[in-house]
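Good morning, everyone, and thank you for making the time. I would like to walk you through one model, and I will ask you to keep the sequence and the structure in view while I talk.

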Amino acid sequence: MEETDREAVATAVQRVAGMLQRPDQLDKVEQYRRREARKKASVEARLKAAIQSQLDGVRTGLSQLHNALNDVKDIQQSLIDVNKDWRQSINTIENLKDVKDAVVQHSQLAAAVENLKNIFSVPEIVRETHDLIERGELLQAHRKLMDLECSRDNLMYEQYRMDSKNTHDMNLIHTYFGDMQKLSEELAKQLWMVVQRSLVTVRRDPTLLVSVVRIIEREEKIDRRMLDRKKQTGFIPPGRPKKWKEKMFNILERTVSTRIEGTQADTRESDKMWLVRHLEIIRKYVLDDLLVAKTLLDQCFPPHYDIFNRLLNMYHQALATRMQELAAEDLEANEIVSLLTWVLNTYTSAEMMGNSELSPEVDVNSLDALISQNVVDQLLNKYMSTLTSNIIGWLRKALETDKKDWIKETEPEADQDGYYQTTLPAIVFQINEDLKTKVLILCLQQMNSFLTRYKDEAQLYKEDHLRNRQYPQCYVQYMIAVINNCQTFKESIISLKRKYLKSDMEDTLSISHANMDATLDIIAKEGYSSLLDEVFMDLEPHLNELMTKKWLMGSNAVGTICVTVEDYFNDFAKIKKPYKKTMTLEAHRRVVVEYIRAIMLKRISFKNAEERKEGAERMIKEAEQFRFLFKKLAAGSGEDTEGLCDIIEAIAEVIKLTDPSLLYLEVSTLVSKYPDIRDDHIAALLTVRGDASRDMKQTIIETLDQGPSQPNPNYVPIFKEITVPTLTVPKLLK
């Protein structure tokens, strides 16, 4: 208390100090005192009220406890009195045994009287029930059957109570109701027929299926009631429990198994595609049945039957059994692929168990495997034992098929982007789609030899065409398709490796993959080179006009060359980008080479400065035409197409030079830019100029041989491909 008082005083002091911080607050001391007094009075009033409320509650609780104690004492006294009366009445109960027996006999006789009418009318009820079953009125038939069974069971129960050892009377009752058992079996037969056709019945007459389920539910309730009575009395009527619900699921399970097994319509002898057809029919039937079960059948059964999941498990087990049977057969290689593809992919795909209409009830991730991994490995090992020879033969056949396409008179097919292609890459890679890593490795290993054969066949195709350029009619289009196939092969190989090959196994195929890429690049290069050969064969007459008198007089040879190249490249637009870009650069390079070759052939020798100027300006103009053309053709490739045409302009500058004393300087500049220029090139160029004496040529060439060279590191030699058909330089200079 003292500590509490001290804390209260300290708090009060703190509050007063807070109130009286300024001198002008002293005038309000009285006001503060009254306010604190009001607060104190309010707090005391609340405390008194709270304490009073607690006291009232305690008083009420004590009163209730007192009343409860009195009630317990009264109950205790009543129990003592009841116990006393019960002990006194034991002897009296034993004296009433005769009365008890009379009551039992009376109840038995009452039951007999009650069932007397039914007993006499049993034959008539049996006939009516039989007629109802034949007419398909199953609910009414079952109602009458239950009445008959109830009469029999009650009589037998009363007999059992009177004398459980009197089998004679029991057999007499059982015999009298003997036809009733036949009715039960006949009704059950009708029920099982409906259950067997439940997936059909639910679409045509769902009411009939509901009636069957109601009958089974009634029997289940009677079974439970009879089993409960057996626990109490030891008596159970003959034929119980019927377990019709269990039998119904057994019937459904047998029906599902029969449906799966019955889908095989063909054998290998009658149809090579028997397994594919068999598996496709299974897929369709199972998907259709499960969709019906989910949308319609589930509504005809009580929720606790869980009919959809039960059926799902039945179908899964039946499929597992059938797949194991198929796996145990002597399957051929293509049949193993079909089976594994179906089991590992199709079964869980959107075409079957992964169908969106079956979710969320069907979770493909929770489904067990149809066949064990051990069986899968056995099938793959069997498949691998024959795969190598099959792949070699199959690739050979695929190549033969593609060769036949090359000589068709119709254009090849185009892919979704409009690029020409043949079916070869699709055929080659479809076998790998669903096989495991080792199959992929084996197939890719065989690709090297296949691509070598493909390269040889493409070369023969080109040679055949060169012998007769009118044949085949669609040579250009199919050669484009061959080039595009190379790119498709590359993409397919990368895609398959990324999809099926583990990163730790990539090293085993890296060399093989590099070889395949190199072979494909060679095939593509030979392909587009042959197409460019076609172009330059058509350009040859116009190239022969270059650097001639006719050219100088105003020939439109370069304009025709540009139009022809552009026209061809409209067809070449169907070549896929990587090779299209390389081909465009190669075409550009070859045009420039042919133009420079025309200069070096010395078809013309300019007579004076005016002709040199006119010729040089024409060369510069035509270089600009080439630049514009190939910039247009290379649009979007990101490649620099300027450098090649610069060579023509640099040569034009040498020809255009008006002051012969500066000729050495101009030629040396040309040589420093393009260090692969040989002496014969310089001599030919000076000959075309027409104003360089033999001594000047010799001086310039000898001086250039002694001078340093500073080539551009990005320069790709071009003059080494150009030969000058003339006498050697020493002979020329003599």
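I will begin with the chain as a whole, then turn to some helices, and end with the backbone in several loops.

Please keep in mind throughout that what you are looking at is a predicted model. The chain has 27 helices and 0 strands, and of its 734 residues, 41% are buried. If we take the contacts in the chain with a separation of 6 or more, 76% of them are accounted for by residues 24 or more positions apart.

Let me turn to a pair of helices, namely helix 20, which covers residues 557-572, and helix 21, which covers residues 577-600. How do their axes cross? They come within 12 Å of each other, and the crossing angle is roughly 165°. Since angles over 145 degrees count as roughly antiparallel, helix 20 is therefore roughly antiparallel to helix 21. The crossing in which helix 20 passes helix 21 is right-handed. On the side of helix 20, the contact is made by V558, F569 and F572, while helix 21 contributes K580, M583, T584, A587 and Y595. Sorted by class, the residues in this contact are 6 nonpolar, 1 polar and 1 charged.

Next, I would like to look at helix 24, which spans residues 663-673. Which of its residues are buried? They are L663, V667, S668, L670 and V671. These residues lie on the same side of helix 24, because the arc they cover around the axis is only 160°. As a reminder, an α-helix has 3.6 residues a turn, so residues three or four places apart point the same way. S672 also lies in helix 24, but with a relative accessible area of 25% this serine is partly exposed. From S672 to L704 there are 32 residues in sequence, and the C-alpha to C-alpha distance between the two is 9.5 Å.

Is D223 buried or exposed? Its relative accessibility is 4%, so D223 counts as buried. If we leave aside the neighbours within four places in sequence, the residues in contact with D223 are R240, P241, K242 and K243.

That brings me to the backbone. Most residues other than glycine have a negative phi, and most peptide bonds are trans. Against that background, D306 has a positive phi of about 50° although it is not a glycine. D306 sits in the loop between helix 11 (274-300) and helix 12 (307-328), and because its relative accessibility is 37%, it counts as partly exposed. M547 likewise has a positive phi, near 55°, and is placed in the loop between helix 18 (506-543) and helix 19 (549-552). For M547, however, the relative accessibility is 1%, so this methionine counts as buried.

Finally, where are the cis peptide bonds that I would like you to find? One joins S359 and P360, with omega about 0°, and P360 belongs to the loop between helix 13 (333-344) and helix 14 (373-406). Another joins Y471 and P472, with omega about -10°, and here P472 is in the loop between helix 16 (437-467) and helix 17 (475-500).

That is where I will stop, and I would be glad to go back to any of these places with you.

Terms used
Residues are numbered from 1 along each chain as its sequence is written. This is a predicted model: local features need pLDDT of at least 70, side-chain atom pairs count only at pLDDT 80 or more; totals for chains, interfaces and linings use all residues. Side-chain values use heavy atoms; hydrogens and water are left out. Axes are lines fitted to C-alpha atoms, for helices over the stretch in contact, and angles run from 0 to 180 degrees between N-to-C directions. Helices (H or I, at least four residues) and strands (E, at least two) are DSSP runs, numbered from the N terminus. Angles under 35 degrees count as roughly parallel, over 145 as roughly antiparallel, 65 to 115 as roughly perpendicular and the rest as oblique. A crossing is left-handed if the near helix is turned anticlockwise from the far one by less than a right angle, and right-handed if clockwise. Contact means heavy atoms within 4.5 Å. Ala, Val, Leu, Ile, Met, Phe, Trp, Tyr, Cys and Pro count as nonpolar, Asp, Glu, Lys and Arg as charged, and the others, Gly among them, as polar. Buried means under 20% relative accessible area, exposed over 50%, partly exposed in between (1.4 Å probe, protein chains only). The arc is that of the directions from the helix axis to the C-beta atoms.
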